[in-house]
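Subject: Structure handover

Hello,

Here is the structure for you to pick up. Please load it before you read on.

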Amino acid sequence: MDATPTWGPGALTSNSEMCFSFGVIADIQYADLEDGYNFWRSRRRYYRHSLHLLQSAVDEWNKEDSQLEFVLQLGDIIDGFNAQHKTSESALRRVMNKFKKLRAPIHHTWGNHELYNFTRDYLTKSELNSKSLEDQIFLGSAARSQDSPGDTAEEHYYAYHFSPVPKFRFILLDAYDLSILGRDKSTQKYQDSLKLLKEKNPNENLNSPTGLAEPQFVEFNGGFSQAQLDWFNEVLTFSDTNQEKVVVVGHIPIHPGSTGSACLAWNYKDALSVIHSHQCVVCFLAGHLHDGGYYLDSHGVHHLTLEGIVETPPQSQAFGTIYVYDDKLVLKGRGRIPDKVMYYTKH
């Protein structure tokens, strides 16, 4: 399914014309620190230099021939080390100052590192809440339930959808809706998440997948509540009815073929089940696994996991532009992100 086309609007030798384009970037994990290593000490992390790679990405996006409709920031925008050094807010400010130079709106997803640094309540009130860019269409009871006055902000999930052009919709999911990260310990979701995690992971270190039958049940992952899955199902039903093509976005991958077994959403099968019960989804975009990954599943959904900025050497790069056509998504990767052509397999 891969091809090496000439890039730019209308440049593919195809009957279809480009509809729009958008940028993708994942796991910047900036910190004003010397280089370090990942959890398994197998990959170097360039904490300080990630800011320069982001600046370079913004500069290149601004020079593109066709104006980007938006950029998807796939989570882990600053590193968890900032919390230990009491530099979370200053680090976020530095990164957001780079993003402010971008001539396109930015949609932010939340990863585990956002939740190492900030509470969900803080994030909801911060610049990392891009929900103001959502579509205000009526979707029924599950959509309304997220804003019911009986819930505290701590119990809410951060998910929304938008349609940049007719017949295309993007849905941002909250992969840490079920998680012990970022939630107040007094909340029901925290209690439920801790109970589930400890049932599945008996290790003293809850970040360790050693010996687990389901290695995704570690603290640095999370999952989707039933309420969020019901909402997700309603959005996809709307898109089916209106014959839209849908790209789903989340920090954590949801298909084992596109990631390592320890970098999957806790209840990834539930999310896949919702997607596979509809015709409209063409792609799932994720970060989290810094090595990147790709898989075309049995239902024709492309699962693309973006390589992370933080583990990208200074002389390389890790961002991309996706050109959207009537019959395909075309990824033009930079640096260690490979080019890819992803045809829609459903008609």
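Below is what was found, feature by feature.

Please note that this is a predicted model.

In general, strands of a sheet pair through backbone hydrogen bonds, parallel or antiparallel. β1 and β4 (residues 70-73) run parallel, joined by four bridges.

Most residues other than glycine have a negative phi.

- Aspartate 27 has a positive phi, near 50°. This residue sits in the loop between β1 and β2. Is aspartate 27 buried or exposed? Aspartate 27 counts as buried because its relative accessibility is 0%, and the cut-off is under 20%.
- Aspartate 76 is not a glycine either, yet its phi is positive at about 60°. The loop between β4 and α2 holds aspartate 76. Its relative accessible area is 1%, so aspartate 76 is buried too.

**Salt bridges**

Side chains of opposite charge can pair when their charged atoms come close. How many salt bridges does a search of the whole structure find? The count is 18.

First, arginine 94 and aspartate 32. Their closest N and O atoms are 3.8 Å apart. This pair links distant parts of the chain. Arginine 94 lies in helix α3 (residues 88-99), while aspartate 32 lies in the loop between β1 (18-25) and β2 (36-37). The two are 62 residues apart. Arginine 94 is partly exposed, with a relative accessible area of 42%. Aspartate 32 is also partly exposed, at 42% relative accessibility.

Asp32, Glu34, Arg48 and Arg94 are linked in a network of salt bridges.

Next, aspartate 35 and arginine 44. Here the closest N and O atoms are 3.2 Å apart. Aspartate 35 has a relative accessible area of 33%, which makes this residue partly exposed. Arginine 44 is partly exposed as well, at 37% relative accessibility.

Then glutamate 127 and lysine 100. Their side chains meet in a salt bridge at 3.2 Å, N to O. This pair also links distant parts of the chain, 27 residues apart. Glutamate 127 is in the loop between α5 (120-124) and α6 (141-145). Lysine 100 is in the loop between α3 and β5 (106-108). Glutamate 127, at 45%, counts as partly exposed.

Rolling a probe the size of a water molecule over the atoms shows where empty space is left. The largest pocket has a volume of about 690 Å³. It is lined by 30 residues. Which of them are closest to the pocket centre? They are Asn38, Phe39, Trp40, Arg45 and His113.

Two helices take part in this lining: α2 (81-84) and α4 (112-117) each supply at least two residues. By class, the lining of the largest pocket has eleven nonpolar, twelve polar and seven charged residues.

**Cavity**

The count comes to one cavity of 30 Å³ or more. The volume of the largest cavity is about 30 Å³. What lines the largest cavity? The lining is made up of Trp61, Asn62, Gln67, Leu68, Leu102, Arg103 and Ala104. Four of these residues are nonpolar, two are polar and one is charged.

That is the handover.

Best regards

Methods: Residues are numbered from 1 along each chain as its sequence is written. This is a predicted model: local features need pLDDT of at least 70, side-chain atom pairs count only at pLDDT 80 or more; totals for chains, interfaces and linings use all residues. Side-chain values use heavy atoms; hydrogens and water are left out. A salt bridge is a side-chain nitrogen of Lys or Arg within 4 Å of a carboxyl oxygen of Asp or Glu. Buried means under 20% relative accessible area, exposed over 50%, partly exposed in between (1.4 Å probe, protein chains only). On a 1 Å grid over the protein atoms alone, a cavity is a set of points where a 1.4 Å probe fits but cannot get out, and a pocket is an open set with protein on both sides within 12 Å along at least five of seven lines; lining residues have an atom within 4 Å of a point. Grid points are joined across faces, edges and corners, and a volume is the space filled by probe spheres set on the points. Ala, Val, Leu, Ile, Met, Phe, Trp, Tyr, Cys and Pro count as nonpolar, Asp, Glu, Lys and Arg as charged, and the others, Gly among them, as polar. Two strands pair if DSSP finds at least two bridges between them.
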